[in-house]
Amino acid sequence: MSVFIDQSTRLVIQGITGRDGSFHAKQMMAYGTKVVAGVTPGKGGQQFEDSVPVFNTVADAVRERRANTAVIYVPAAVAASAIFEAADAGVQLIICITEGIPVLDMTRVLPFVHERGVRLIGPNCPGLISPGKSKVGIIPGNICQPGKIGVVSRSGTLTYEIIHQLSTHGMGQSTCVGIGGDPLIGTNFIHCLTAFEADAETAAIVMIGEIGGTDEQQAAEFVQHNVSKPVVGFIAGQTAPPGRRMGHAGAIISGSSGTAAEKMMAFEKAGIAVMKRPADVVGLLRERGIKGC
Amino acid sequence: MNLHEYQARDILRRHGIPVPPGEVATTPAEARAIADRLGGKVVVKAQVHAGGRGKAGGVKLAKTPAEAEASARAILGMTIKGLTVHRVLIAPAAEIASESYVGIIVDRASQRPVLMVSAAGGIDIEEVAAQTPEKIHRLAIDPRYGLLPHQALTLGFTLYGDVKQARAAADIMQRLYTAVYAVGASLAEINPLVTTREGSVQALDAKIAIDDNELERRPDIAALRDPTAEAREEVLAREAGLTFIKLDGTVGCCVNGAGLAMATMDLVKYYGAEPANFLDIGGSSNPQKVVSALRIITSDPRVKVILFNIFGGITRTDDVANGIVQATRELSLKVPMVLRLTGTNQELAIDILTKAGFTALTDMDDAVKQAVALAKGKGA
């Protein structure tokens with residue numbers, strides 16, 4: 001078992017002929033992900049890399065190729081529309097990599113996907129990877145190793161840094177999920193913690209949060225009551241000035257809600273081991289009886 | 001992107017919300033002419049992107065056009081929270097019977113636009129929110145149906161007992177909700193929403209923040225940006241496609257990715273120095289971006305060392321290495337650099353840098369420790 005994706009994942013790539021889409025399509029195919037279709041309106045009938053059929057619509061890809069998961073690389077201006085289309089076509093899991101979707105568009109997208117029982121990961125996220133099995137998104141496969149640590153994060157490159165720390169110390173990962181840095185996202189920490197807790201392959205969880213909002217505080221409370229596996233956490237943005245937006249649309253501290261200090265305190269209260277710096281992750285996991293594999 | 005009060009008032013007016021008259025002046029003489037046209041007492045208000053204008057002396061009452069001119073002279077050019085005032089709004093001084101608050105934000109928890117309404121409006125609304133949150137009524141709006149008339153009227157009655165006023169307030173709430181989606185606002189508030197002596201309900205002051213992700217598809221709103229109201233380096237960074245925020249420390253940071261950039265700043269502090277900035281060079285790593293980044297960082301004389309922390313995923317570290325080499329040819333750097341590059345093509349990157357005479361590290365902690373030592377003048 002792994003979380004959200006595995007060998008049964010049949011992936012359709014929306015925006016497969018674009019610059020980012022085509023680059024990452026090749027990366028995912030090389031990693032062993034079953035890329036069964038691509039979608040670019042107007043390019044239906046073409047073949048991508050002589051092996052992946054391209055369709056005009058996601059519905060065609062679902063009907064012809066039984067795609068059950070969609071990943072989105074289209075530009076921000078049409079990304080909300082791409083999520084609507086994928087959810088309407090009946091895929092069960094949508095991963096939206098695209099950054100820059102207006103938050104008001106997401107207020108309309110989220111009820112639409114939720115009422116169809118579709119899981120959306122992102123937007124503005126690096127996607128997910130189950131090392132050795134499948135990868136959907138842009139997390140570099142070469143820094144990951146198969147293993148038993150579940151990683152969930154709001155960040156991109158910071159996640160790579162922490163995965164790198166784990167891998168270089170022989171601590172492989174069961175699944176790494178980047179949930180995205182935007183204020184409105186489809187899958188939050190609690191959804192991922194629930195999945196990791198239920199996943200037999202995951203022995204411990206690393207949770208990487210940042211300033212802004214109260215998702216981490218709610219996740220901490222959830223951990224306290226519902227998670228039996230060891231959890232190690234990190235919060236980025238301890239030196240961020242209040243009221244300023246730090247790159248991620250979500251990473252903003254307004255008023256007293258969402259500071260790093262507040263979140264780290266919530267973690268400690270819930271029994272989550274708090275890293276002071278990314279390099280602490282390995283030591284804290286070892287203290288909790290997790291060994292390299 | 002924040003709008004000025006006068007811009008926010010224009011948007012409300014275009015959406016049919018009653019807003020008292022008012023005009024913008026950039027010189028004391030203009031202020032006098034406007035006050036003359038309006039007649040009677042006026043209020044002169046600084047137009048800056050900072051809260052607490054009144055408490056900082058940026059809002060003055062003027063009984064005559066001559067006083068308006070004097071007030072404008074005092075306010076124009078003054079600095080409020082580090083921002084220079086370039087414009088003042090001149091509006092009639094209203095006779096106010098009551099002050100309420102009406103605001104809409106996009107709420108992360110409910111994932112919906114939330115309407116907030118309070119009869120305790122005015123300059124102390126933040127205190128009201130902190131001390132007596134029960135005085136603020138909140139309603140999460142389902143965007144599929146919008147703000148329904150009965151919902152708005154129910155909230156209108158929390159403000160006013162009089163049905164005419166309650167209906168007027170409800171109408172304003174519905175128009176504000178429409179305006180939010182029309183202009184792509186992440187926040188829109190009317191504070192205060194006032195009743196006049198004659199009993200009419202009006203939006204006296206307004207604040208609107210636009211979601212930056214909306215600007216590309218709304219050129220008319222993007223054109224409202226006032227670069228003079230922002231820090232110079234941040235304007236330069238935006239034009240170069242970088243995200244930059246000025247801080248007070250001595251270690252200049254250049255990082256790819258917002259989360260890693262924040263974690264790098266935190267690590268600088270952990271090892272005993274302060275970061276000079278937040279800077280995310282983003283996913284693309286063309287050399288020109290690196291040049292722009294270095295130019296912006298080194299424009300601050302307090303910067304004693306520049307720290308690069310690049311984790312190559314999509315970003316190829318050899319591209320960044322080439323950018324660094326090119327940038328140092330174009331700029332003569334007076335401060336040392338500490339370079340950390342790991343990930344995609346790191347062997348190539350280190351080879352490029354070594355040939356150009358640089359030392360490159362692969363571990364984040366080693367790099368930050370070295371940068372902190374240099375910032376403190378201890379050498380590496």
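This is a predicted model: local features need pLDDT of at least 70, side-chain atom pairs count only at pLDDT 80 or more; totals for chains, interfaces and linings use all residues.
Reader: Start with chain A, please. How many helices and strands does it have?

Author: Chain A has 9 helices and 14 strands. Its radius of gyration is 19 Å, close to the 19 Å that the globule rule gives for 293 residues, so chain A is as compact as a globular protein of that length.

Reader: And what does the C-alpha trace of chain A span?

Author: Along the principal axes, the trace of chain A spans about 55 × 45 × 30 Å. Of its 293 residues, 61% are buried.

Reader: What share of the contacts in chain A joins residues at least 24 apart?

Author: That share is 72%, counted among contacts between residues at least 6 apart in sequence.

Reader: How is chain A divided into domains?

Author: There are two: domain 1 covers 11–121 and domain 2 covers 139–287. Their C-alpha centres lie 26 Å apart. Domain 1 of chain A puts 9 residues into the contact between them, and domain 2 of chain A puts in 8.

Reader: Which elements of domain 1 give two or more residues to that side?

Author: They are α4 and β7 of chain A. The largest share comes from α4(A), with 5 residues. By class, this side of domain 1, where it touches domain 2 of chain A, divides into 7 nonpolar residues, 1 polar and 1 charged.

Reader: On to the sheets. What is the strand order in the one that contains β1 of chain A?

Author: The order is β3-β4-β2-β1-β5-β6-β7 in chain A, an open sheet of 7 strands with mixed pairing. At its edges are β3 (47–48) and β7 (119–121) of chain A, each of which pairs on one side only.

Reader: Do β5 and β6 of chain A run in parallel or antiparallel fashion, and how many bridges join them?

Author: Strand β5 (residues 69–72) and strand β6 (residues 93–96) of chain A run parallel, joined by 4 bridges. As one point on that pairing, A:I72 stands opposite A:C96 in β6(A).

Reader: Which strands of chain A does helix α2 lie across?

Author: Helix α2 (residues 58–65) of chain A lies across β1 (11–14), β2 (35–39), β4 (52–55) and β5 of chain A. The helix runs at about 155° to β2(A).

Reader: And the sheet with β8 of chain A, what order does that have?

Author: That open sheet of 7 strands, with mixed pairing, has the order β9-β8-β11-β10-β12-β13-β14 in chain A. β9 (134–137) and β14 (273–274) of chain A stand at the edges with a single partner strand each, so one side of each is left without a neighbour in the sheet.

Reader: In what sense do β8 and β11 of chain A pair?

Author: Strand β8 (residues 127–130) and strand β11 (residues 173–178) of chain A pair in the antiparallel sense over 3 bridges. Within this pairing, A:L128 has A:V177 in β11(A) as its bridge partner. Helix α8 (residues 260–269) of chain A packs on the sheet and touches β12 (204–210), β13 (231–236) and β14 of chain A. The direction of α8 makes about 175° with that of β13(A).

Reader: Chain B now. What does its secondary structure come to?

Author: Chain B comes to 13 helices and 18 strands. Its C-alpha atoms fill a box of roughly 80 × 50 × 40 Å along the principal axes, and 48% of its 380 residues are buried.

Reader: Which domains are assigned in chain B?

Author: The assignment gives domain 1 (1–20 + 96–230), domain 2 (22–93) and domain 3 (231–375). The centres of domain 1 and domain 2 of chain B, taken over C-alpha atoms, are separated by 23 Å. Their contact takes 9 residues from domain 1 of chain B and 13 residues from domain 2 of chain B. On the domain 1 side there are 4 nonpolar, 3 polar and 2 charged residues.

Reader: Finally, how many residues does the contact take from chain A and from chain B?

Author: It takes 43 residues from chain A and 43 residues from chain B. On the side of chain A that touches chain B, α3 (76–89), α4 (103–115) and α5 (157–168) of chain A each supply at least two residues.

Reader: Which element gives the most to that side of chain A?

Author: That is α4(A), with 6 residues. By class, the side of chain A that touches chain B has 22 nonpolar, 14 polar and 7 charged residues.

How values were computed: Residues are numbered from 1 along each chain as its sequence is written. Chains are lettered from A and ligands numbered from 1 in the order in which they are written. A residue is buried if 20 or more other C-beta atoms lie within 10 Å of its own, exposed if 12 or fewer, and partly exposed in between; C-beta atoms are placed from the backbone. Two strands pair if DSSP finds at least two bridges between them. Two residues are in contact if their C-beta atoms, placed from the backbone, lie within 7 Å. Axes are lines fitted to C-alpha atoms, for helices over the stretch in contact, and angles run from 0 to 180 degrees between N-to-C directions. Domain bounds come from an automatic or database domain assignment. Ala, Val, Leu, Ile, Met, Phe, Trp, Tyr, Cys and Pro count as nonpolar, Asp, Glu, Lys and Arg as charged, and the others, Gly among them, as polar. The radius of gyration is taken over C-alpha atoms; the globule rule is 2.2 Å times the number of residues to the power 0.38.
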